[in-house]
Amino acid sequence: MSDIINLTLSALIDKIKKKELSSQEITNAYIARAEKSKDLNTYITTDFENAIEKAKKFDEKGNFDCKLPGVPLAVKDLFCTNNLKTTAGSKILSNFIPSYESTVTQYLWDEGAILLGKLNCDEFAMGSSNETSFFGNVESPVGKKVVPGGSSGGSASALAAKLTPATIGTDTGGSIRQPASFTGTVGLKPTYGSCSRYGIVAFASSLDQAGPMTQDVSDAALMLDVISKYDTKDSTSVNFKRGDYFKSLSSNIKGKKIGIPKEYRVDGMPKEIESLWQDGITLLKKLGAKIIDISLPHTKYALPAYYIVAPAEASSNLARYDGVKYGYRSEGENLISMYENTRSEGFGDEVKRRIMIGTYVLSSGYYDAYYLKAQKIRRLIKNDFDEVYKSVDAILTPSTPSSAFKIGDKTDDPVSMYLNDIFTVPVNLSGLPAISIPAGKDKNNYPLGLQIIGKAFEEQNLLDISYSMEKELNFKNNLQDWWIK
Amino acid sequence: MSKNKEYLIKRGSSEYEVIIGLEVHAQVLSKSKLFSDSPTNFGAEPNTQVSLVDAAFPGMLPVINEFCIKQAVKTGIGLNAVINKKSIFDRKNYFYADLPQGYQISQYKDPIVGEGSILLDLPDGEKNVGIERLHLEQDAGKSIHDIDPQNTLVDLNRSGVALMEIVSKPDLRSPEEVNLYIKKLRSIMRYLGTCDGNMQEGSLRADVNVSIRKTGDKKLGTRCEIKNVNSIKFMQMAIEYEANRQADILEEGGSIDQETRLFDTKKNETRSMRSKEDAHDYRYFPDPDLLPLELTEDFISKIKKEIPELPDEKKKRFVDKFKLTPYEANILVSDIETSKYFENVIKNSDVKLATNWITGELFALLNDRNLEMSESPISSKNLSTLINLIKDGTISGKIAKTVFEIMANESKDPKSIIDEKGLKQQSDPKEIEKIVDAVIKENPKNVELFKSGKDKLFGFFVGQVMKKTDGKANPKLVNDILKKKLN
């Protein structure tokens with residue numbers, strides 16, 4: 001059984017296809033491990049009974065030609081799942097059972113995958129440590145009382161702890177890449193418009209993008225093949241020619257030009273991050289890539305711009321949680337007091353903070369100074385990337401300015417928490433694809449990730465570069481299973 | 001415009017001019033909603049025309065209904081307006097129980113249609129009223145407060161239905177101009193098939209902006225906005241009340257507060273809903289779920305080709321081709337159904353008679369029974385036949401009115417009515433001569449008096465002949481024969 005959970009997604013699929021393993025064996029293995037891993041608090045909702053039932057059905061008459069034949073998967077609780085509670089990590093949706101399925105998860109089930117359950121996340125995906133969830137913080141398997149990152153913290157933790165062979169998260173400002181970096185896993189944020197947002201609880205619509213979180217780059221390519229499709233139900237979905245990512249994976253990156261942006265060398269960045277980055281550069285050179293120093297001059301404005309645009313959209317997106325139609329309601333004497341009671345009891349502090357910021361920056365008299373200016377900066381940041389992509393194929397940066405921190409370390413200091421996203425938000429603001437791959441460890445033996453940022457819609461290039469690096473890096477998490485009961 | 005016809009509010013020695021601008025909300029005629037595929041049927045059971053998108057479930061996204069875009073562009077073209085190739089959908093944020101998203105998707109800074117105009121026919125000439133803009137937006141649901149004593153109920157059937165907000169310039173000067181403006185706008189949209197204009201069903205309603213200024217002043221006064229008025233009569237009453245209210249305040253040395261007011265149809269007065277200070281901050285911003293709407297030249301020119309003849313052109317054609325007076329033409333073109341009816345009748349019938357019968361008898365009948373032209377109990381084909389029977393002398397105009405009445409009740413064709421009731425006109429000169437002879441024979445005294453110069457008695461003889469024929473004798477023949485016999 002321990003063999004099963006140690007297999008990568010593609011290896012599992014291989015064994016299922018060869019009938020060396022049944023869907024039931026695999027599903028049972030992951031369920032058994034999850035039952036013993038409750039201390040990590042990765043699951044908000046489990047659907048194990050149904051999963052076993054579906055696995056049985058798959059073994060009886062499943063289609064083995066699917067891309068994910070009989071593979072059990074747990075997903076972030078931001079994806080709406082038909083008939084299964086979907087909370088977005090919030091009290092306000094703690095009783096919400098959708099009657100519909102998100103497009104992206106539907107694609108997983110269409111390819112034969114089986115839902116294990118819904119993974120913890122920061123409330124409405126607002127957070128960088130999975131500490132804002134109404135369902136409690138998630139612990140990272142990389143160390144006791146260590147945060148898994150956020151907002152897809154439950155996904156990252158479950159993946160690293162081998163409670164699911166792969167998973168999907170959502171990334172608005174780094175919510176896939178930062179937890180991947182913190183947990184020694186691979187996290188890919190595809191180009192905005194690649195994966196449908198239909199049925200994903202919205203945080204900031206112009207930035208939200210679903211993406212794979214996997215054990216290695218091949219698995220990420222495989223998952224991307226499944227979830228990246230044009231969808232008419234999402235008006236921002238883009239109908240571009242998608243690659244055959246998994247099949248086309250190549251580790252030959254000779255001659256590729258990789259940019260190293262000087263603006264990402266920030267003050268106070270730990271030495272270990274600096275040397276991780278340097279090692280990455282050396283490795284790329286060794287692999288035959290050409291390293292080019294570049295400048296992305298507006299980088300320093302990305303974080304402030306992000307923390308205007310994202311809360312602005314969120315303040316509006318979250319207006320629908322008002323106690324009228326579904327979700328949590330706290331009664332009041334009249335409509336207004338019902339709203340006030342429902343929303344003050346239903347939302348946590350971080351969500352309220354962002355709703356207030358967002359409401360403020362959209363208010364008349366402040367709109368031009370904040371929201372409009374942030375949009376202008378957004379365009380300048382995008383222009384920076386467009387400019388450098390005339391001379392480079394991809395950009396290498398650290399994924400985060402630090403490794404994982406302890407639970408509670410930053411909860412009282414939102415700004416220091418927000419600084420975690422400093423390397424990831426420019427990517428969302430520009431709609432570009434980026435991947436975080438595990439590349440080393442810090443002095444505590446906590447994983448560190450490198451981020452590769454690609455050109456829009458050129459995920460293959462991104463995957464090839466990470467694939468070639470991964471082979472040489474040969475990163476191993478070597479977790480001690482300390483949380484298993 | 002001649003001075004004496006101006007609508008002015010008088011207070012002592014002061015005269016105030018009334019300045020009116022309208023924001024008309026016209027429901028787009030469309031099978032499905034603006035951003036979802038739910039149906040838009042009126043009068044359906046509550047909450048039966050609602051999709052997950054309309055009810056704003058988590059993760060649901062709006063997808064623009066292309067047909068609604070076409071309808072808006074079509075309307076824009078009908079209003080001689082600029083079609084903006086790029087427009088943007090914004091979110092207008094506010095909380096209300098019947099607004100499931102917590103925002104209305106609307107267009108704020110970049111509407112789909114820009115400036116245009118509507119031509120009004122006033123008794124003393126034409127007047128152009130400017131259109132500021134037309135934009136698309138979602139309707140909200142409906143809060144129902146009077147069914148359950150404890151709770152407010154919400155019906156989301158209207159939630160997400162496409163509306164066109166058509167904003168006029170402050171060019172209107174009287175309740176009568178408002179009447180003509182709304183009717184003309186409705187007429188144009190009905191011609192285009194972009195809005196059914198049904199005010200009872202709420203397909204057309206308006207926010208009315210009213211301000212006043214002393215005659216001769218150039219500067220506009222402070223305006224009040226009267227929200228959501230759903231009939232022309234109420235708009236006129238509200239304006240009348242509001243203009244007088246403002247005049248009273250100014251006359252007493254006060255000043256007008258810019259505010260939103262409601263018209264109370266029971267008390268016939270407007271009252272304050274909220275002041276400018278309490279005005280909502282709607283926090284408009286571009287909806288990130290929707291990309292800017294870009295229209296191609298091709299898309300617009302295809303729609304241009306679908307534009308039918310509109311009332312102004314039709315009126316011109318009726319005047320030029322059929323020699324109708326502008327007044328008659330106006331009446332006939334104002335409603336598309338009437339114009340269609342008219343054109344069907346005149347395919348085979350005399351234009352003059354058709355005009356008279358439609359604007360006379362038929363209008364009176366419809367008015368009497370409170371019917372729309374489309375509900376007319378007399379088909380255009382039957383009216384055409386009736387007119388032809390008058391024209392060829394089969395029946396007299398007088399008998400025709402009798403036949404018309406029967407047609408109105410029985411929906412039969414006039415020929416069978418005439419046959420059944422034996423109403424055919426007696427046009428045989430020999431038969432009439434016999435009757436005339438009989439009448440002369442029976443009234444020797446009156447014949448004598450007539451011959452001695454009492455010309456007025458001629459009518460008496462005609463009447464006697466008609467009496468004997470149950471009114472069926474051809475009046476012209478009766479006249480001719482009587483004249484011959486008596487002289």
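These legends describe close-up views of a predicted model. Residues are numbered from 1 along each chain as its sequence is written, and chains are lettered from A in the order in which they are written. Local features need pLDDT of at least 70 and side-chain atom pairs count only at pLDDT 80 or more, while totals for chains, interfaces and linings use all residues.

**View 1. The largest nonpolar core has 216 residues.** Such a core is a set of buried Ala, Val, Leu, Ile, Met, Phe, Trp, Tyr and Cys residues joined through C-beta atoms within 7 Å; buried means that 20 or more other C-beta atoms lie within 10 Å of a residue's own, with C-beta atoms placed from the backbone. L73(A), A72(B), Y181(B) and V208(B) touch the most other members. Helix α11 (residues 302–317) of chain A gives the most to this core, 10 residues; helices are DSSP runs (H or I, at least four residues), numbered from the N terminus.

**View 2. Y181(B) has contacts beyond four places in sequence.** Its partners there are L22(B), I118(B), L120(B), V129(B), S168(B) and L172(B), a contact being two C-beta atoms, placed from the backbone, within 7 Å.

**View 3. Helices α8 (residues 217–227) and α17 (residues 459–473) of chain A cross at roughly 160°.** Their axes, lines fitted to C-alpha atoms over the stretch in contact, with angles from 0 to 180 degrees between N-to-C directions, come within 9 Å. The two helices are therefore roughly antiparallel (over 145 degrees). On the α8(A) side, the contact is made by V217(A), S218(A), A220(A), A221(A) and L224(A).

Notes. A residue is buried if 20 or more other C-beta atoms lie within 10 Å of its own, exposed if 12 or fewer, and partly exposed in between; C-beta atoms are placed from the backbone. Angles under 35 degrees count as roughly parallel, over 145 as roughly antiparallel, 65 to 115 as roughly perpendicular and the rest as oblique.
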